[in-house]
Amino acid sequence: MVFLKSSNASRDKSCCTWPLAIAFLVSLAVTVILVLALGPLEQGVSKAMPNFEPVDFGDDQLPGLVPSTNAPSTSPVFDEPQYEFIQCLDNGGECCNGREGNCELRLNEMLFAMAHNAMSTEESGYDIGFNHYKNLDGALRAGFRGLNLDVCKCDGRLSFCHTICGYGDRNPYQVLLEVKAFLDEHPTEFVVFVFQFSTGSPSLAELFGVMSSIDGFVEKMLVVDPDEPEWPLLRDLIYGEEKKQIIAFQHEANDNC
């Protein structure tokens, strides 16, 4: 004999279970979003990991061992990057993004190290919500040539922010001016921008307006011809007559420019 459950009982149970399940999933999603948005992931991971620092037991606790006369070694702490990204010889030869050999590469063959949410740094004064410790100029000097920036509109003004207004917030004019100053100082370097349009429905035209207000910035930007079968060589961009050092991509903008 088979006993079938009442459809009413099943309906009552599902009516109680689904709201609880949905509430739990929503709470979990909000928690994950807040953790990712308000603090660097590596900090949370480092706190959760066990401590692997060596333990000093003292010579009296290790019988039979001869005490070392050497000074204990310490891990060096570097304030500045020890790796020199630009390795071209200062002999007047060609140099493209750090190396002479890169000049033979087409733009789509070059690997660009990218900083995600590059404007969001602790050094810029943000204790929470930052992605990086060093500021944008430090990233460029370390060798990052790809810059991802979230474009927001906060209180009626254009801003680079970390998804939420006020977190990692930077003035676009100041950020782009810093990048141009770096490129003026390093004429052999090429930078890729990836603009992600985010909070507040900012427009591409507004961002281009900021770029245009910086003397010489737009002139450095490469305009890609869709009919060209190949991307240009870095040599042609950097040492060409028009001297291009910037290419910009965007996604999620509501307009075209």
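In helix α5, the residues Leu204, Leu207, Val210 and Met211 are buried (under 20% relative accessible area with a 1.4 Å probe and protein chains only, where exposed means over 50% and partly exposed in between). These residues lie on the same side of α5 because they cover an arc of only 120 degrees around the axis, the arc being that of the directions from the helix axis to the C-beta atoms. Helices (H or I, at least four residues) and strands (E, at least two) are DSSP runs, numbered from the N terminus.

The model is predicted: local features need pLDDT of at least 70 and side-chain atom pairs count only at pLDDT 80 or more, whereas totals for chains, interfaces and linings use all residues. Residues are numbered from 1 along each chain as its sequence is written, and side-chain values use heavy atoms, with hydrogens and water left out.

The buried residues of α5 pack against β2, β3, α4 (172–185), β4 (191–197) and β5, where contact means heavy atoms within 4.5 Å. Two of these partners, β2 (residues 146–154) and β3 (residues 157–160), pair in the antiparallel sense over four bridges; pairing requires that DSSP find at least two bridges between two strands. Cys154 stands opposite Arg157 in β3. Two residues separate the strands of this hairpin, and Asp155 takes a positive phi near 55 degrees there.

A pocket is an open set of points on a 1 Å grid over the protein atoms alone, where a 1.4 Å probe fits, with protein on both sides within 12 Å along at least five of seven lines; lining residues have an atom within 4 Å of a point. The space in the largest pocket is about 430 Å³, a volume being the space filled by probe spheres set on the points, which are joined across faces, edges and corners. Of the 16 lining residues, Phe208, Met221, Leu222, Ala248 and Phe249 are the closest to the centre.

Lys220 is located in the loop between α5 and α6 (234–239). With 11% relative accessibility, Lys220 counts as buried. Beyond residues up to four places away in sequence, Lys220 touches Lys180, Leu183, Asp184, Lys243, Lys244, Gln245 and Ile246.

Another loop, between α2 (41–48) and β1 (114–115), holds Cys96. Cys96 counts as buried, at 0% relative accessibility. Its contacts outside four places in sequence include Cys88, Cys103, Leu234 and Tyr239.
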